[in-house]
Amino acid sequence: MAALKVAVVGAGVIGLSTGLCIVETCPSCSVTVLSEQFSPNTTSDVAAGMLIPHTYPGTAIHVQKQWFKETFSYLFAISNSAEASEAGIHLVSGWQIFKNPPREESPFWSDVVLGFRPMSKAELQKFPQHQFGQAFTTLKCDCPPYLLWLEKRLKAAGVQMYTRKVSDLWELQSEYNVVVNCAGIGAHHLVGDEKLFPVRGQVLKVHAPWVKNFIRDGDGSTYIYPGIHRVTLGGTREKENWSLSPDPGTTKDIFDRCCSLEPSLQGAQDVKVKVGLRPSRQSVRLNREVLSQGGVKLLVVHNYGHGAGGFSVHRGTAKEAAHLVAECIAALPGSSSRAKL
């Protein structure tokens, strides 16, 4: 019997990690990744890659926590391996600070990150405008190297990758048994999802190697995230703004806000401005769907709509999507994998 063929549409962190999980879950499948853009031109390349979860109002907290735990464990293992530098993954300690104390003293993910605790009075002296804070250690993914590392893993597993614009999932029906939609903001047009909207993010990538600790304003509007080579300064959250052009006024505003939290950033060099559109919705769309046209069926798994929290849950959602693909395969006529599930 010929190998069953699975197409993954999208090559951001969600598409690549979903492809890798499908290979691990269904090793007899032939997997192909199709995308109009690959690194360094994806939305994921702009992301800061900090593992600090964003809450999805439409998704149960225990599900979000499981996704985050699986992602944290996976990246923590890489950070403890010889591949940490190539994959761009490292531990970083720092502070999340609040002008007014949050309703919940500990977020749902506080026991997944390392050493979570309230900040001491002495630590808070660094931030005179803020009354309360949380200190912890989490993981940071430098996104371009991590995407290249994922691509390398996929190629080693025999996955094909092609630059191709997919305008309609039906165009893949004759070539593939299952299609996995990881198109991010592209799903707005690809599957006509009206619940999906862009949240424009503009960030600065600067050279400031003396900045070792992350600082995040509790509302997520201003943040300083040190990476291996550059520090990411942010940010903006502009709903329904589709513009990918950097705005000079916004650049100055971001820089001023970050300098107010970390005055030493005044000496930062080589400022690069990046813009990305976060694919946002009330909940991640992670489900199976059977499309039918004139008696012909197309098995689809959707995994998109991660918004600002994609890196924090990418591995957890990819594993779940891979299990949905395995269910689709088991349901195919004459499938030999039915017994294994």
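This is a predicted model: local features need pLDDT of at least 70, side-chain atom pairs count only at pLDDT 80 or more; totals for chains, interfaces and linings use all residues.

**Arginines, rings and cores**

I begin with Arg281, whose side chain reaches the backbone oxygen of Ser283 at 2.7 Å. The side chain of Arg281 also makes a polar contact with the side chain of Asp193, at 3.1 Å. A polar contact here is a pair of N or O atoms within 3.5 Å; within protein, one must be able to donate a hydrogen and the other to accept it, and residues adjacent in sequence count only if both atoms are side-chain atoms.

Residues are numbered from 1 along each chain as its sequence is written, and side-chain values use heavy atoms, with hydrogens and water left out.

Arg281 lies in strand 13. Helices (H or I, at least four residues) and strands (E, at least two) are DSSP runs, numbered from the N terminus. Is Arg281 buried or exposed? Arg281 is buried, because its relative accessible area is 13%; buried means under 20% relative accessible area, exposed over 50%, and partly exposed in between, with a 1.4 Å probe and protein chains only.

I turn now to the annotated positions. In an unreviewed UniProt entry, the annotation "binding site" covers Tyr223 and Arg278. UniProt positions are given in the numbering used here, feature names are shortened, and annotations may be inferred rather than shown by experiment. Tyr223 lies in strand 10, residues 223-226, while Arg278 is placed in strand 13, residues 269-293. Tyr223 has 7% relative accessibility and therefore counts as buried; Arg278, at 14%, counts as buried too. Leaving aside neighbours within four places in sequence, Tyr223 is in contact with residues including Val203, Cys258 and Arg278. Contact means heavy atoms within 4.5 Å.

Next, the aromatic rings. How many aromatic pairs are there? The count comes to 12. Rings of Phe, Tyr and Trp (its six-membered ring) pair if their centres lie within 6.5 Å; planes under 30 degrees apart count as stacked, over 60 as edge-to-face and the rest as tilted. One of these pairs is Trp95 with Phe127: the centres are 5.8 Å apart and the planes stand at 65°, so the pair is edge-to-face. Trp95 lies in strand 3 (residues 89-98) and Phe127 in the loop between helix 4 (121-124) and strand 5 (132-141), so the pair ties together parts that are 32 residues apart in sequence. Phe116 and Phe136 form a stacked pair, 5.7 Å centre to centre with 25° between the planes. Both Phe116 and Phe136 are buried. Ring pairs also link Trp109, Phe116, Phe136, Phe214, Tyr223 and Tyr225 into a cluster, and Tyr223 is one of the annotated residues.

Finally, the nonpolar cores. A nonpolar core is a set of buried Ala, Val, Leu, Ile, Met, Phe, Trp, Tyr and Cys residues joined through side-chain atoms within 4.5 Å. In the largest nonpolar core, of 69 residues, Val6, Leu75 and Tyr146 touch the most other members. Helix 8 (residues 310-330) gives the largest share of this core, 10 residues. Apart from it lies another core, of 21 residues, among them Trp95, Met119, Val206 and Leu261.
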